[in-house]
Structure formats: C-alpha cells, structure tokens
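Here's a quick briefing to read with the model open beside you. Have a look at the structure first, then work through the notes below.

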Amino acid sequence: RIFGLTDNWWGPAGATGPCGPDTEVYVDVGREDLALTDDSGMPDFESGRLLEIWNNVFMQYRKDEDGSLSELPALQVDTGMGLERIAAYLQSAPDVFGTDLFAPLLASLREHTGVTEETSLRIAADHIRAATFLVGDGVLPSNKAQGYVLRRLIRRAVLHLGATRTEWIGPVVTSIVDVYADAYPELVAQWPATVEALTVEVSKFQKTVDRGRKEIEKHKTLSGTDAFNLYQSFGFPLELTKEYARSKGIQFDEAEFDHAFQVHQEKSRTASAGEFASGLADHSDMTVKYHTATHLLHQALRDVLGPHVVQKGSNLNAERLRFDFAHPEKLSEEEIVAVERLVNEKVQANLPVVREEKATEAAFAEGFIGAFGHKYPEVVSTYDIGGWSREICTGPHVANTGELGAYSFRIAKEEASSSGVRRIKGVLEKE
C-alpha cells in the first residue's frame, strides 16, 4: 500500500548539508497484538508492528545555515536497504536480534556473564560484534582515531555487562567468529589477537573505573571541566561520572562538560585533517625525502616482522620521521638492524617511485595497502616504489630512492605508543 505523507523527509546529517524528500518501505511483521494503523487509519509506525527495511532519499536540496533550502546542482537518489532487517523478516524474527546472526552471541553472553537484562545484552552484543570486526581489520584500542572508537565500544559493552572478570571474552568472541567465518575468514586468523585485545582493554577499564571513583570522591562539587578531565585523562565514562556523583551526593555541571567535549571534538577534527594529509609538516625537500623513507620503513617492517604490521599514524618534518605501527612487542636489536639494512639497500638500489591514479578497489586488488582501510574515495593516488613498497598515499615523494643516496637511514628510537602499537623515530644522516 502506498501512503502519501507530507512529512517524509531525510536530513541533513548535521546543521547544514544535502537533504530531500524520501520514500520509506515497511513490512508488516504480523504481530496481531500490535496496532497496524492509528485512529486516523494511517500506518502506526510507533507500535512495533511495521519494520522499515528500505529508504530512498531524493537528494534535491541543500539546507543552509539560515535554515533555507537551495537546489543542488546535481540531483541524486541515495538508497539504503536494511540487510539484517530483511533477514529478520525472512526468518520471522521480531527484530534483528532474533536472527541467526545475533542469537548465538546473545546465548553466549547470557551463559558466560550471567546478565539477563535484555537491553543491556543487546547493546553489549552489538558493540562486541563491532569490536571483533575492528580488531579483525587490524585496529587496536587506543586514544586516537579508529582505536578510540574501538575502546569506546568495548568499554560501553562492559558497562552494560557489569563484567569485572574476563573469562567470558573467549567464548563470546568464538560465537561471533563461528557465525561469520565463511564470509570473513580473517576473523578466524585474528581470533587470538581479538581475545587478547579485549582482555587487556577490559582489565584496563576496571582499573580506570577504580581510579576515576577515587578522583570523584576528592570533590564536594564536580565541575563539567573536572568531569571532562576524568573522561579525557582516565577514560572514565560520563555515564559512570553522573551515576557515581549522584550516589555520593556530589553536584555535577553537565552543560559545562558538553562544552568542553565540543571544544575537544573540534581539535580532534583539525588533527584528523592533518593525519589524512599524510602527517607532513611541510613540503620542503627534506620533508619529502623523509616521506619516501617512511614508505620504505613501512615495507621493511612488514618484511622483517610480518604482514600484520600496518601504519597507525605518522608525523614528518625536515629533521626526522615518526612512525606508529601495529606490533605487539618491542623490537630486538637484530630486528632493528635488519630493518635499517633493508631500507638502506632500497635507497642504494635507486628504485623508481611511480605515482598513478587508480580505482580504489583495483588498487587493493593489486596489493596496494592503505593506512585507513577501505575508507577512501572511489579513485586514489598510489605510489609504487620499485614494485616493492606499494601504498595508497597523497604524496609528495622523490622521483627515485637514489635521491636519498647521500644519507643513511637510522632508527634513533623504538618505543611503545599505546597498547599493541609501537613507535619508531628515524633519521636520515649524511654519509
């Protein structure tokens, strides 16, 4: 049945941006105990009987800061199907949590954590599944970028589970991997890393909770700034701050917290923009040389330590490079020497540095690697250094590695950056 509803409208995602009218496709899940229509005879979208499975947005307008709408230069249709919702309908499940994608996970959580509250179980299941896929994609908990998202997912799941032990992690992750193993075999290979990452993070979080509570008890009143410092410095969640402050009769200014958080977000967005610009301080001749040396270092680490090594961040200037990468342990002296030797061999080999524009999926299919997974535009810039180092990158680079020939690469320092991430500071020294 088709209903013409004047308030069918999507967007924008923020205060401004693309938006337009939309069509929404619902199915009747057949729950006779729930209302199908309201008093006016129109569909009752609030009762729970109608499940939205598809949405088509006709991107026709842009909403400006003053609230006015202007016509977009190009009209588009943005269509999205709820795959898991369709699975729920086909399996006669009341919602996605009743499908064969979630049922084993929820059962495992009930058995191994003892939690029975359904909303908490569902939130935990959703978050732990997402965390498993993130670790499977090479992300580890940290205070930055994707690692920070992962950390928040794990910690929010723990808040809902009230888990103070870690024995549940192995069997719960197994229940996820078993469901998705055929489609995502990398989850099987990453099972040990996933269990370890979650175990370490849950243990850390318990210590964070204990420390945060002690900090709160030092205050008779808790300003929003104090609460934000707890959040930023210790990772103490706002939900716990409010709950614990209330239980101790401590006043808390949440509006001030929100303001401090917004300022922090703006700084993070600015920093992220710099990270996606390859972390270069400038485009001077020496900085460009260090940028090329970073690519050589990345591939040398993968050759010496293994393909699990992926870039987690970089910062370059005309005096040194700093490179963060995924690796679980400190490098030995032998490994450091092997990496240095390999970089210097590639410099002396005078390898050509070839830049090409490629379709993103084609680039990955050809073996190019990227620091940001598959979060790239449809066409990307790739750099191939002698068929050895192949990365998606925005540049700039030298024309061939021989331009670094007057220098010798040396690892000045190797240290921990965060859990599961190491940091190298490297220098190019005149021969």
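V209 touches F236 and L240, not counting residues up to four places away in sequence; contact here means heavy atoms within 4.5 Å. V209 sits in helix α7 (residues 191-216) and is buried, at a relative accessible area of 7%. Keep in mind that this is a predicted model, where local features need pLDDT of at least 70 and side-chain atom pairs count only at pLDDT 80 or more, while totals for chains, interfaces and linings use all residues. Residues are numbered from 1 along each chain as its sequence is written, and side-chain values use heavy atoms, with hydrogens and water left out.

**Ground rules for the terms**

- Buried means under 20% relative accessible area, exposed means over 50%, and partly exposed is in between (1.4 Å probe, protein chains only).
- Helices (H or I, at least four residues) and strands (E, at least two) are DSSP runs, numbered from the N terminus.

**More on V209**

**The four-stranded sheet**

- Four strands make up an open sheet, ordered β7-β8-β13-β12, with antiparallel pairing; two strands pair if DSSP finds at least two bridges between them.
- β7 (311-316) and β12 (407-418) are the edge strands, each with a single partner, so one side of each has no neighbour in the sheet.
- From one strand to the next, the twist averages 20°.
- β12 pairs with β13 (residues 421-430) in the antiparallel sense, over ten bridges.
- Helix α11 (residues 285-305) lies across β7, β8 (321-326), β12 and β13, and runs at about 30° to β8. Axes are lines fitted to C-alpha atoms, for helices over the stretch in contact, and angles run from 0 to 180 degrees between N-to-C directions.

- β10 (residues 379-385) is mostly covered, with six of its seven residues buried.
- β9 and β10 pair in the antiparallel sense over seven bridges, and E356 stands opposite T382 in β10.
- β10 also pairs with β11 (residues 389-392), again antiparallel, over four bridges.
- Y383 has E391 in β11 as its bridge partner.
- The hairpin of β10 and β11 has three residues between the strands, and G386 there takes a positive phi near 60°.

**The α3/α4 pair**

- Two packed helices are described by the angle between their axes and the distance between the axes.
- α3 (residues 118-136) and α4 (residues 145-161) pack at about 150°, with axes 8 Å apart.
- That makes α3 roughly antiparallel to α4. For these labels, angles under 35 degrees count as roughly parallel, over 145 as roughly antiparallel, 65 to 115 as roughly perpendicular and the rest as oblique.
- On the α3 side the contact includes I123, H127 and L134, and on the α4 side it includes L150, I154 and L161.
- The crossing of α3 and α4 is left-handed, a label used if the near helix is turned anticlockwise from the far one by less than a right angle (right-handed if clockwise).

- Most residues other than glycine have a negative phi, and most peptide bonds are trans.
- G11 and P12 are joined by a cis peptide bond, with omega about 0°; P12 is in the loop between β1 (9-10) and β2.
- S92 isn't a glycine, yet its phi is positive at about 55°. You'll find S92 in the loop between α1 (83-90) and α2 (103-113), exposed with a relative accessible area of 68%.
- N350 also has a positive phi, near 55°. N350 is in the loop between α12 (333-348) and β9 (353-359), and counts as partly exposed at 45% relative accessibility.

**G48 and its loop**

- G48 lies in the loop between β2 (17-28) and β3 (50-63), partly exposed at 43% relative accessibility.
- Leaving aside neighbours within four places in sequence, G48 is in contact with V29 and L34.
- The C-alpha atoms of G48 and A35 are separated by 8.0 Å, and the two are 13 residues apart along the chain.

**Cysteines**

- The disulfide count is zero, where a disulfide is a pair of cysteine sulfur atoms within 2.5 Å.
- C19 is buried at 0% relative accessible area, and C393 is buried at 9%.
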